[in-house]
Amino acid sequence: MYTQAMDTMGKDATQAPVPRSAEEARLQERFDARIDAGDFIEAKDWMPEHYRKTLVRQISQHAHSEIVGMLPEGNWVTRAPTLKRKAILLAKIQDEGGHGLYLYSAAETLGTSRDAMLDALHSGRAKYSSIFNYPTLTWADVGVIGWLVDGAAIMNQVPLCRCSYAPYARAMVRICREESFHQRQGYDALLVMMQKGTDAQRAMVQDAVNRWWWPSLMMFGPPDDQSPNSALSMRWGIKRISNDELRQKFVDATVPQAEVLGVQLPDPDLKWNEARQHFDFGAIDWDEFWQVIGGNGPCNRERLSARVKAWEEGAWVREAALAHASKQEKQERVAA
Ligand SMILES: [Fe+2]
Ligand SMILES: [Fe+2]
């Protein structure tokens, strides 16, 4: 699912360090020239340590967001209203698990291990998108997550398909295709309720939109002037479009969809600005954003403990897989 300007953490990352030797300076120069030429960097290519660290942080936080993002929706698998909706929801959640796996693999190419990344998540050192710390109270939340949260994820992620680090860019191409299915299934579920449902169902959709609209806008990360790592990420071609620009694109794309759906977006300041050719929108409550990032959102503790429990209860599966692999390896060695 997501990213949320994964550059909100690591305030040490605002400036690239000065090269330590003439050789490093030469390599750095070549690297910069490749970036300027729009080249992709592969896993075995030389890269500045700072670029590597920035990517490990961003890709691992992105991977964590995919797997933690499975949790709020998993809550509704057993309560989906029809067999069709249940099958769609299961497929979507499975996709998110797959996204996590591609991304952990992409991060591993940078020399970090999956165990180390998961340990950082489970011990609370690593972050994931704050959007998944909100609860899913009704079935309409599942539709709204698809429409708004996956919709915001697509806006964030499409530019990552051109990220300068090739393994990340390749993973994003496939992920983006699947995200667009996620967005559509959510919108479709809401459309059915709005057009064919009861008044109570329509009210349920409106309530879910009211709760998810502002957190969805926060998914693009803090305003550009408070986003310390953005400039360097832009310089390195990791990030292509700024947080505020992406947020505006999302608002502009979503308002007409809300009209078709027949829901109100909960912002009295939302209106078309003829001069700017964009929608104006109200102030975002950044205090809430920092509270949730800081671990004090409505579901932070619940999400983390669900992850840790799944990891611990899955230990026997990992052990069995390793035992099976080593048995097979032995058999192959005997046969050879
Ligand atoms: Fe995803
Ligand atoms: Fe998704």
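## A walk from helix H5 to the iron site

Helix H2 (49–68), helix H4 (83–108) and helix H12 (300–313) are among the elements that cover the buried residues of H5. Helix H5 itself runs over residues 114–122. Its buried residues are Met117, Leu118, Ala120, Leu121 and His122. Look just past the end of H5. There Gly124 takes a positive phi of about 85°.

Now step back to the whole chain. Keep in mind that this is a predicted model. The protein chain holds 13 helices and two strands. Along its principal axes, the C-alpha trace spans about 65 × 60 × 35 Å. A compact globule of 336 residues would have a radius of gyration near 20 Å, and the chain has 21 Å, so the two agree. Buried residues account for 51% of the 336. The contacts tell us how the chain folds back on itself. Take the contacts between residues at least 6 apart in sequence: 80% of them join residues at least 24 apart.

Next, go to the metal. Which residues are the protein donors of the iron ion (ligand 2)? They are Glu96 (OE), Asp150 (OD), Glu179 (OE) and His182 (ND1). Along the chain they follow the spacing E-x53-D-x28-E-x2-H. The angles among the four donor atoms run from 86 to 161°. Four donors count as tetrahedral if all angles lie between 85 and 135 degrees. The iron ion (ligand 1) and the iron ion (ligand 2) are 3.4 Å apart, and Glu96 coordinates both.

Glu179 and His182 both lie in helix H7, which covers residues 166–196. They are three residues apart, about one turn of the helix. Why does that spacing matter for direction? An α-helix has 3.6 residues a turn, so residues three or four places apart point the same way. Glu179 has 0% relative accessibility, so Glu179 counts as buried. His182 also has 0%, and therefore counts as buried.

What does Gln185 touch, leaving aside its neighbours within four places in sequence? It is in contact with Arg85, Ile88, Lys92 and Gly146. Take Lys92 from that list. Gln185 and Lys92 are 93 residues apart along the chain, yet their C-alpha atoms are separated by 8.9 Å.

Finish with the rings. The whole structure contains 11 aromatic pairs. One of them is Trp272 with Phe279: the ring centres are 5.0 Å apart and the planes meet at 70°, so the pair is edge-to-face. Trp272, at 39% relative accessibility, counts as partly exposed, whereas Phe279, at 14%, counts as buried. Elsewhere, ring pairs link Phe31, Trp46, Tyr51 and Trp236 into a cluster.

Charges meet rings too. The charged end of Arg79 sits over the ring of Trp76, 4.2 Å from the ring centre. The charged end of Arg318 sits over the ring of Trp311, at 3.4 Å from that centre.

Conventions. Residues are numbered from 1 along each chain as its sequence is written. Chains are lettered from A and ligands numbered from 1 in the order in which they are written. This is a predicted model: local features need pLDDT of at least 70, side-chain atom pairs count only at pLDDT 80 or more; totals for chains, interfaces and linings use all residues. Side-chain values use heavy atoms; hydrogens and water are left out. Rings of Phe, Tyr and Trp (its six-membered ring) pair if their centres lie within 6.5 Å; planes under 30 degrees apart count as stacked, over 60 as edge-to-face and the rest as tilted. Buried means under 20% relative accessible area, exposed over 50%, partly exposed in between (1.4 Å probe, protein chains only). A charge sits over a ring if NZ of Lys or CZ of Arg is within 6 Å of the ring centre and within 35 degrees of the ring normal. Donors are N, O and S atoms within 2.8 Å of the metal (3.2 Å for Na, K and Ca); water is not among the atoms, so sites may look incomplete. Four donors count as tetrahedral if all angles lie between 85 and 135 degrees; four count as square planar and six as octahedral if opposite donors are over 155 degrees apart and all others between 65 and 115; anything else is irregular. Helices (H or I, at least four residues) and strands (E, at least two) are DSSP runs, numbered from the N terminus. Contact means heavy atoms within 4.5 Å. The radius of gyration is taken over C-alpha atoms; the globule rule is 2.2 Å times the number of residues to the power 0.38.
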